[in-house]
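I went from the whole fold down to single residues.

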Amino acid sequence: MTTTIDKPELTTDPRVAGLAELVSAGSGERERLEIENPATGETFASVPRCTTDDVAAAVRRGREVQRVWRATSWSQRAEILLRFHDLVLDHRDEILDVIQLESGMARRHAFEEIMDVALVSRYYARTAEKHLRARRRWGAFPLLTSTWEHHHPLGVVGVIAPWNYPLTLSISDALPALAAGNAAVMKTDSQTPFSALIALRLIEEAGLPKGLLQVVTGSGSELGPELIDHVDYIMFTGSTAVGRTVAKQAAERLIPSSMELGGKNVMIVLEDANLDKAVDGALRAMFSNGGQLCISAERLFVHQAVADEFIPKLVQAVKAMKVGAGFDFSWDMGSLVSATQLETVEKHVNDAVEKGATVLTGGRARPDLGPYFYEPTLLDNVRDGMTLFSDETFGPVVAVSRFANDDEAVARANDSDFGLNFSVWTRDIARGRALATRLEAGTVNVNEGYIAAWGSVDAPMGGMKDSGVGRRHGAEGIRKYTEPQTVSVQRLMPIAPPRHVPPKLWSNAIVLGLRLLRRIGMP
């Protein structure tokens, strides 16, 4: 929906020109949300501050369009997703600029969002019908009972997206909902609305009916509850604390939900690991988007047999990282997203140092680079009682420690309220896979930090324990947006004693039948 905005934008970077008009705000004057470039601290554009009425209206519009959309063929939906896939790749430089403008991340990390959206859109274009088509199921009794499983779209799905990966965690969560025949309303974080808006522009260019996907912008505490009150499903990515509140509200309405929440992820370097590869992998695992990644590593466990070799190599590699801002691929790490995030990082590091932790490298803010830059940081001697020992920092700060054997590494890794994404580094793949299955995390990567599991979109992705409920990706990532229905047809005779047959005789016959089915291997 094109919005009528009475108040002109205060400042507009040409790279986001016109995108604010795609916000689903009603006609009339709206307050403006000024959007800051974290790398410079300067406002580069603004968007309308939507009201609760705007949210309710967006859901109503979505319902109207969805009544037609749910009747479209699988091939029609697939064609739109595949055209969107191509448009994202064609416009990748434009999209990367927008992501960097509002998030401050390095371009190489922003490019991971391009890869994700392309993978997810292509995957569900190719597999939605396979996952959701009507299929025969075993009936109660062979020949007598025929049973089918159907999946119906829920209606309107609400997506509450965070700021850290503003393209992936908005549009990629909406794509399977759309492929399943739903409408979707995305509530973006107030710091990063434009990534979702450029995705909306491109998917409508690909042929998605207007109003089927909408974006509302504004305060999460104000608009989030209103969205949950009107939609039929809620997909939330954010902190565990807020996730609990979202889950309670969804439960009160008896609507389904899924959520990816916090993490305190571990990277485990075994004594037989290729250390050079592990160093390179650690830089990605720990410092992608400045550590502002739910699945990045904040704990590094190194086997004591190789610690004296590995840790100095890693320290030197971290010191050599190029930290700064620029719209090219030359930077290894960008800015934190806000003053609030910088304050959290500084508090965690200062608390640890005051209580005896040792800074191996980093440990300082870099205002010379920009208002929210912080050095990639490695800390040793981090112990229980320090804030960052168990709490998620969500910044470029990693606690390094040593372990003696696999059992110790597993026990310490699992000694956490979180279980989102772990990684294991070893030359022995069989050993790595076996150890991975002992770790209490929704995804575990062997010889990679996070992107191998994340990019395997045919497999479910999500967290254990306080790291979330439900899954994205794979069959679960689209079936969750549907209402399953069982339709059974009974033939010849009911599953009940006929009038002319004594109930005891009937029951004995059924027992014989059940024994026979068991003997011949029927499920």
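Predicted model: local features only at pLDDT ≥ 70, side-chain atom pairs only at ≥ 80, totals over all residues.

**Entry: overall build**

I checked the extent next. The C-alpha trace spans about 90 × 65 × 40 Å along its principal axes. The radius of gyration is 26 Å; a compact globule of 523 residues would have one near 24 Å, so the value agrees.

I looked up burial: 55% of the 523 residues are buried. I then took the contacts between residues at least 6 apart in sequence, and 71% of these join residues at least 24 apart.

**Entry: surface and charge**

I read off an accessible surface of about 21900 Å². Carbon and sulfur atoms hold 52% of that surface. For charge, I found 57 positive and 65 negative side chains. The centres of these two sets lie 10 Å apart.

**Entry: helix 7**

Which residues of helix 7 are buried? In this helix, residues 220-230, I listed Leu223, Gly224, Glu226, Leu227 and Ile228. I then asked what these buried residues pack against. Two helices came up, helix 1 (52-69) and helix 8 (240-253). The strands are strand 5 (156-160), strand 6 (183-187) and strand 8 (233-237).

**Entry: Asn289**

Where does Asn289 sit? I found it in the loop between helix 9 (275-287) and strand 11 (297-303). Is Asn289 buried or exposed? Its relative accessible area is 2%, and buried means under 20%, so Asn289 is buried.

I looked for its partners, leaving out residues up to four places away in sequence. Asn289 touches Met105, His109, Asn164 and Tyr165. With Asn164 I can name the atoms: a polar atom of the Asn289 side chain lies 2.9 Å from the backbone oxygen of Asn164.

**Entry: Val120**

My last stop was Val120, in helix 4 (residues 107-132). Val120 has 1% relative accessibility and therefore counts as buried. Beyond its neighbours within four places in sequence, I listed contacts with Ser172, Leu175, Pro176, Val457 and His473.

I also looked up Val120 against Thr482. They are 362 residues apart along the chain. Their C-alpha atoms are separated by 18 Å.

Conventions:
Residues numbered from 1 in each chain as written. Heavy atoms only, no water. Rg over C-alpha atoms; globule rule 2.2 N^0.38 Å. Buried < 20%, exposed > 50% of the residue type's maximum accessible area, 1.4 Å probe, protein only. Contact = heavy atoms within 4.5 Å. Areas by Shrake-Rupley, 256 points an atom, 1.4 Å probe, with all protein chains shown as cover. Lys, Arg positive; Asp, Glu negative; His and termini not counted. Charge placed at Lys NZ, Arg CZ, Asp CG, Glu CD. Helix = DSSP H or I, 4+ residues; strand = E, 2+ residues; numbered from the N terminus. Polar contact = N/O pair within 3.5 Å; in protein donor to acceptor, adjacent residues only side chain to side chain.
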